[in-house]
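Q: Could you walk me through the structure below? I would like to begin with the overall arrangement and then turn to a single site.

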Amino acid sequence: MPVTGPDIVVIALVLLVILVLFAGIKTVPQGFRYTIERFGRYTRTLEPGLNLIIPFFERIGSKMNVMEQVLDVPTQEVITKDNASVSADAVAFYQVLNAAEAAYQVSNLENAILNLTMTNIRSVMGSMDLDELLSNREVINDRLLRVVDEAVRPWGIKVTRVEIKDIQPPADLVDAMGRQMKAEREKRAQVLEAEGFRNAQILRAEGAKQAAILQAEGEREAAYREAEARERLAEAEAKATRLVSEAIAAGDVNAINYFVAQKYTEAMAAIGTASNSKVVLMPMEATSLIGSLGGIGAIAREVFGDDKRPAPPRPAAAPRTTPPISSFNPNGE
């Protein structure tokens, strides 16, 4: 069947409709936003999914990625507040919240965020001392995040995180810091050792003090008991002397013999224990010593109350003669 002119027109119209439909149907993937421009002017933003536009009148302006993205910040040379040169590199995370503002408020979005981050890194880190810079990395991150996020807000961007990855001081400065740290540790070790020695000395002194106190208390207690013993001995001796005195006053000759025998015995003991006496010549009168011993026994019976037993007969006094001279050697020779 031959194709006539009207058939060609119909076929052309059908093809045109198909082309228009394909040109007007736009599919937006998840995580992206498309801006639509009509005759070069922004009109709306297409959401993920199937969308329709007016062909030949509207077109896609920018395809914005609204997922969170990472931006690697190159190494920056920073002069600190105390004129120390350090190298620092960082990483920034950002997300597009408003596709239209990100597309039309700034040109070359990533480059703008990168330069803004590098500038603020030098500004924030340059206002701090080196020691503060090395020990307060979290503070630096917080300050950078706050400053950069405030700067990119008109662009429809949200900076979620800015992290300093590494800070590298010069090699000679690192060596100096190592020596300083070693000196500080040695200083702390010496201080701790001195404190330990001082505490040990204090404890030893307190121990010696306590020992001296206890020794003094022991000596005082011993002296007190010794004095008490001497007092009791003196009381006993006084009592014995009183009894003997009463016996002498009553005319008892045995009491006198008691004293004589006691002093005689004490003198004999002193002579026998002397270290410078080898041969002693002394009189020996046996009858007098026996009489004295008899007097001691009589007094002892009187003191202990044994009055029922008859007193032993008093030995007759022997005629006094010249006592014989005998040799006495305390060493038994």
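A: Helix H3 (residues 109-126) lies across S6, S7 and S8 and runs at about 35° to S6. Helices (H or I, at least four residues) and strands (E, at least two) are DSSP runs numbered from the N terminus. Axes are lines fitted to C-alpha atoms, for helices over the stretch in contact (heavy atoms within 4.5 Å), and angles run from 0 to 180 degrees between N-to-C directions.

Q: What should I know about the model itself?

A: This is a predicted model: local features need pLDDT of at least 70, side-chain atom pairs count only at pLDDT 80 or more, and totals for chains, interfaces and linings use all residues. Residues are numbered from 1 along each chain as its sequence is written, and side-chain values use heavy atoms, leaving out hydrogens and water.

Q: In what order do the three strands form the open sheet?

A: The order is S6-S7-S8, with antiparallel pairing; strands pair if DSSP finds at least two bridges between them. The edge strands are S6 (69-79) and S8 (157-168), each pairing on one side only.

Q: How many bridges join S6 to S7?

A: Nine.

Q: Changing topic, where is Asp89?

A: Asp89 is in strand S7 (residues 85-96).

Q: Which backbone nitrogen lies 3.2 Å from a polar atom of its side chain?

A: The backbone nitrogen of Asp166 lies at that distance from the side chain of Asp89.

Notes: Polar contact = N/O pair within 3.5 Å; in protein donor to acceptor, adjacent residues only side chain to side chain.
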